[in-house]
Amino acid sequence: MAGLYGPTAVQRFSFDLEPAEVRWVLRGRGVDVDMAIYRFPDMSSAFDLPDEDGTLVWGSTHPRTVLAHAVLEAAQSVLRLHGEEGYLAKWVRHPFPVAALQDLRRLHLQHDKCERQHDVAFSAVGK
């Protein structure tokens with residue numbers, strides 16, 4: 001999500017559904033974000049395929065500020081529920097992305113006119 005605040009207008013991430021892949025594609029259009037979710041039957045062969053080779057299963061457009069705020073709230077909820085240590089114990093190989101969350105919050109507050117409440121003291125929650 002933070003990448004949508006920079007010069008790269010398209011961000012992608014995937015979920016491995018073993019064997020399928022679900023690929024999310026976020027395209028920044030100014031203050032809006034076009035979201036598309038594509039499904040591929042086999043992740044091992046889909047990695048280098050163009051998005052359009054998958055089956056579009058969902059698409060929508062949202063204001064970037066709303067989407068960023070939703071991602072921030074969801075990540076904050078996970079951090080509150082598990083804490084940094086609990087998150088690492090549960091997901092083992094991947095620590096909670098505290099720096100990425102802080103970066104997204106900074107970019108969101110700097111560039112979006114979000115009037116919703118922000119929990120800027122979140123970093124103490126996981127300690």
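This note sets out numbered points on the strand arrangement and the aromatic contacts of a predicted model.

1. Basis. The model is predicted: local features need pLDDT of at least 70, side-chain atom pairs count only at pLDDT 80 or more, and totals for chains, interfaces and linings use all residues. Residues are numbered from 1 along each chain as its sequence is written, and side-chain values use heavy atoms, with hydrogens and water left out.

2. Sheet. An open sheet is formed by 4 strands in the order β1-β2-β3-β4, with antiparallel pairing. β1 (10–16) and β4 (55–63) are the edge strands, each pairing on one side only. On average, neighbouring strands of this sheet are turned by 15° against each other, direction ignored. Strands (E, at least two residues) and helices (H or I, at least four) are DSSP runs numbered from the N terminus, and two strands pair if DSSP finds at least two bridges between them. Angles run from 0 to 180 degrees between N-to-C directions, the axes being lines fitted to C-alpha atoms, for helices over the stretch in contact; contact means heavy atoms within 4.5 Å.

3. β2 and β3. Strand β2 (residues 21–29) pairs with β3 in the antiparallel sense over 9 bridges. Gly28 has Val33 as its bridge partner in β3. The two strands form a hairpin with 2 residues between them, and Gly30 in the turn has a positive phi of about 70°.

4. β3 and β4. Strand β3 (residues 32–40) pairs with β4 in the antiparallel sense over 8 bridges. Asp32 has Pro63 as its bridge partner in β4, and Ala36 stands opposite Gly59 in β4. Helix α2 (residues 64–91) lies across β3 and β4, and runs at about 105° to β4.

5. Aromatic pairs. The structure holds 5 aromatic pairs. The ring centres of Phe13 and Phe15 are 5.8 Å apart and the planes are at 85°, so this pair is edge-to-face. Phe15 and Trp24 are also edge-to-face, because their ring centres are 6.4 Å apart and their planes at 70°. Rings of Phe, Tyr and Trp (its six-membered ring) pair if their centres lie within 6.5 Å; planes under 30 degrees apart count as stacked, over 60 as edge-to-face and the rest as tilted.

6. Ring pairs link Phe13, Phe15 and Trp24 into a cluster. Phe13 is partly exposed at a relative accessible area of 35%, as are Phe15 at 42% and Trp24 at 24%. Buried means under 20%, exposed over 50%, and partly exposed in between (1.4 Å probe, protein chains only).
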